[in-house]
Amino acid sequence: MSRDVSLLLSNFHRIDFHVNILYIARGKPASSKTSRQSPINLNLNPKYKTNEQKMPKGPKYIVVVTWFNEKTKLWERNIGAIIDKQFILTYGNNDSEQIKEGYCVLSHDLSHGVGSKDIIKWRKIKYCAEHEKNEQNVALIKLDEKINLDDKNFISLDIYSGFDKSKNKEKVASIFSISADEKLVYSAVKYESGKETANCKSFGDCITIYNGDVNICKRILPRGIGSPVVFENKIIGTVRRTTCQDYTDFAFSMNPVYKYTEWIENSKIELLQDPPQKFSEFYKYMAFYGYEIESNTVIRHAAIIGESMLITNYAENLHDDINNRFVTYGTPNIRTLRPPISIQMKYNETFILSKPPFKPNDLQLTLIKLEGEIQFSKKAIALPFLKTRYPPKGARCFVVTTFNQRTNHEDFTYGYNYKFLKNEIKLHHIEIELWTYLECKEYIEDLNINHFCISVHHTINNDNHCLYIKAGSPIICDSHIIGIVNDVTPCESEIPRLCTNLHSYKDSIVSEIRKATEEYIEKKEIEAKKLSKENAMRDGKERTIKTQNKYLLPLIIILSHDMILMITRGYE
């Protein structure tokens, strides 16, 4: 995938326009009215045999929907219609269930690029899969932000819920597409013209376009997939994906959207619901460690690589005068005011490559040995090392870092519905693109061969890794640790982030882990022997006391009996 969204959007499959934007989150526009007081007039004038007419002046209601196809590794696009301030109706098929996110382009002229003000991101899509035959190729998209339907710049289209199929045969409607010069145009089609084939009727209702020159059909329909079919200023259907044939009047299928009004309204309600809060699945590989100093609690995060070993870039202030050191694991979040202490233990650095102030070419790697043992479970797992220097082609790589109220960004945490408490830190993963040493040295001088670089996947928020990616965070590819993020000062967001590759140090690290484990086992054995000895001594004392009591009690009884006799005789 390209390192820059502007480059990505300029290389859409079947797209020639260049969207020269870097997505910038914008404030939500003012809310608008939810219902229209008077019927709209789109000023369309469709005449059969007339194609690719210029759009009339007035508010916009047609958009371009784009997304990146993970299978083909290409950008694709459909036409869509605004049906509400936060919803777009377009084409969908089985692949739609695999689409996770994309962009909505609000401009009707794509020939000179599109600015950020005409871009809205979307990350929720619902595919219609509950209707008869094969006519359910419809998708409903929920936008991240609302479109301001002010009736001047934008309006929404209504679904023609009362459309009577039998009374509107041979009537002319409009469909929309992108012309060769990258501008929105509309063309005339006839509804149920009587010249349809059986194949056309098998996939929905039929519409016919004049195809005097077969190139017209090939130019319009591939660039109009998902377009609403507008009749009497309302939507009756959407254009399906189809293959043109050499017919003067070419009939093809439309999705009969007028049948789907109930599904659309129910889907809106479903898409508006916030998902339950969930946590990153990578938290099981992580631990929080920290200490108290001058009434302040310092918290850092590190990756678990052994029962008694964590790994980071550098762990500061590990000398003996630091009090209340703690390690917490098996949790995706922690509060800095009162961290939950699952292990109260000392820890120290056992293997360190460099110390601050760091030089640009320093390798940063520190092992933290715990004077205790992490209890492995489903919530706490040690990360294995990658066997090769770099992951195989196609591997997905992530950096696991921390977010708080200030740094939380929806582009990273969307779908997790995080709610941050005051002074709360949450672990989360960010997908990244990994650059090898050879790729990285083109941007950074004086690199060590054990360096590599990363950039944020999809170039989110100006690729500001300085703000979001913390030093010491692990780089994980296909559930294996490959490297550690360096501390770079000053950090420049336009330069890819430097990391230390663990491959050359893997054997040394494994040796340290084994040594720490053996030391811990030996320590536990010594403690066990000491405890056994103490128990034996305690048991011996108890046996001595019991023996003494065994002989002392009869003696006391005898003495007591003699004393009674003496006292009795004295009274006599």
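Reader: Which strands close into a barrel, and in what order?
Author: Keep in mind that this is a predicted model. Six strands form the barrel, running 2-3-4-7-6-5 in order, and their pairing is antiparallel. From one strand to the next, the twist averages 40°.

Reader: How many bridges pair strand 2 with strand 5?
Author: Four bridges, in the antiparallel sense, between residues 62-69 of strand 2 and residues 102-105 of strand 5. If you want a pair to look at, Val65 has Cys104 in strand 5 as its bridge partner.

Reader: OK, and which strands does helix 4 lie across?
Author: Helix 4, residues 261-272, lies across strand 3 (74-84), strand 4 (87-91), strand 6 (119-127) and strand 7 (138-143). Its angle to strand 7 is about 35°.

Reader: What about the largest nonpolar core, which residues have the most contacts inside it?
Author: Tyr61, Leu89 and Phe176 do, in a core of 36 residues. Several elements each supply at least two of its residues, including helix 4, strand 8 (172-178) and strand 9 (184-191). Strand 3 gives the largest share, four residues.

Reader: Switching topic: strand 13, why is it largely enclosed?
Author: Because six of its seven residues (the strand spans 249-255) are buried, the rest of the structure largely encloses strand 13.

Reader: And which strand pairs with strand 13 over six bridges?
Author: Strand 10, residues 205-210, in the antiparallel sense. There, Thr208 stands opposite Ala251 of strand 13. Strand 12 (residues 234-239) also pairs with strand 13 in the antiparallel sense, over two bridges, and Thr238 has Asn255 in strand 13 as its bridge partner.

Reader: Zooming out, how many helices and strands are in the chain?
Author: Eight helices and 26 strands. The chain has 572 residues, and 49% of them are buried.

Reader: What share of the contacts comes from residues 24 or more positions apart?
Author: 68%, counting the contacts with a separation of 6 or more.

Reader: Last one: how much of the accessible surface belongs to carbon and sulfur atoms?
Author: 49% of about 29000 Å² for the chain.

Conventions:
Residues numbered from 1 in each chain as written. Predicted model: local features only at pLDDT ≥ 70, side-chain atom pairs only at ≥ 80, totals over all residues. Heavy atoms only, no water. Pairing = 2+ DSSP bridges. Axes fitted to C-alpha atoms, helices over the stretch in contact; angles between N-to-C directions. Contact = heavy atoms within 4.5 Å. Core = buried A, V, L, I, M, F, W, Y, C linked by side-chain atoms within 4.5 Å. Buried < 20%, exposed > 50% of the residue type's maximum accessible area, 1.4 Å probe, protein only. Areas by Shrake-Rupley, 256 points an atom, 1.4 Å probe, with all protein chains shown as cover.
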